[in-house]
Amino acid sequence: MSVSGLIASPSRCCLRLSDCNQGLVCRQVPSIPIASKPKAKFGKLHLERLTVSFRRWKMQKTHLIKCAMDASYGDMASESGGAAMFPRINVRDPYKRLGISREASEDEIQAARNFLISKYGGHKPSVDAIEAAHDKIIMQKFYERKNPKIDIKKKVREVKQSRVVQAVTSRFQTPATKFIVKTSIAFIVLGVLTVLFPTEEGPTLQVAISLIATFYFIHDRLKSKIRTLLYGAGAFIFSWLLGTFLMVSVIPPIPILKGPRSFEVLTSLITYVLLWVSSTYLK
């Protein structure tokens, strides 16, 4: 007997056998057990392999990114060595980066640079930022010295801070508004009378009245006869001399005021202004 054919199905298996007596005989035998579980196991195994491959790819990508970052910042990290970083490293203004004002002197600039270098010297990017700001300020100062510009605000501030100006301004104080209005009206009236009624002898009467008004207003504020006499006489002499000097050397002739006594009239007007300041604000 020999096997001549095989017919199989999921439930049964038919073998065609050659028999000498009966010819071909089909005998059924139990079918080969084929279940769906191996397929499920195979699918699960395939999914696990895909998951492992994805994880490996993700790890490789992360490793590449980390290597790129190390390549970019490796020098910085190795050179800094864990030192403190300058907090104003990204500030663009060099003066703000060093923490100094624009009016700082060269000694102050150098001192700020040395202090920051000593504090953040272990961090190379910080040192480079500090040195760049220092060099930029020094070059700017050199350019300003080479091409000087008149800074009006700076000049006015220097004049106000001078000892002479501070000593002079310390002798003045601002009184009440009512008192300022009263003195202003008195000297304005004297100025109008001097311009409208000039005499051949000059504004002698108006000048005398201005001196009396100065004594009165100073005594009204200070309540001291000695200080009133000293301040009033000194203010009158100083005002008249300064007015004469200005009319002779500084102020040109004014066409509006004509006549033989125009010089005395203008000198008197300047004197009234100075006497008003002295009688109103002198401390």
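Helices here are DSSP runs of H or I of at least four residues, numbered from the N terminus. By that count, Val-195 sits in helix α7, residues 177–196. I will come back to that helix after a word on confidence.

This is a predicted model. The mean pLDDT for the protein is 75, and 69% of the residues reach at least 70. Helix α2, residues 94–98, has the highest confidence, at 92, while strand β1, residues 2–8, has the lowest, with a mean of 43. Residues 1–42 have a pLDDT below 50, and this stretch makes 46 contacts in the model beyond near neighbours in sequence. Residues 65–80 are also below 50, with 6 such contacts. Where pLDDT is low, the predicted coordinates should not be read in detail.

Next, the annotated spans. An unreviewed UniProt entry places "transmembrane region" at residues 179–197, 203–218, 230–251 and 263–282. In the model, residues 203–218 are 94% helix and 0% strand, with the end C-alpha atoms 23 Å apart. For residues 230–251 the figures are 95% helix, 0% strand and 29 Å.

Back to Val-195. Val-195 has 35% relative accessibility, so it counts as partly exposed; patch residues need over 30%.

Now the salt bridges. The whole structure has 6. One of them joins the side chains of Arg-145 and Glu-106, at 2.4 Å from N to O. Arg-145 is exposed, because its relative accessible area is 52% and the cut-off is over 50%. Glu-106, at 42%, is partly exposed.

Asp-220 is partly exposed at 25%, and Lys-182 is partly exposed at 37%.

Lys-223 itself lies in the loop between α8 (204–222) and α9 (225–250). With 59% relative accessibility, Lys-223 counts as exposed. Its phi is positive, about 60 degrees, although Lys-223 is not a glycine. Most residues other than glycine have a negative phi.

How values were computed. Residues numbered from 1 in each chain as written. Predicted model: local features only at pLDDT ≥ 70, side-chain atom pairs only at ≥ 80, totals over all residues. Heavy atoms only, no water. pLDDT = per-residue confidence, 0-100. Helix = DSSP H or I, 4+ residues; strand = E, 2+ residues; numbered from the N terminus. Contact = heavy atoms within 4.5 Å. UniProt positions renumbered as here; feature names shortened; annotations may be inferred. Buried < 20%, exposed > 50% of the residue type's maximum accessible area, 1.4 Å probe, protein only. Salt bridge = Lys/Arg side-chain N within 4 Å of Asp/Glu carboxyl O.
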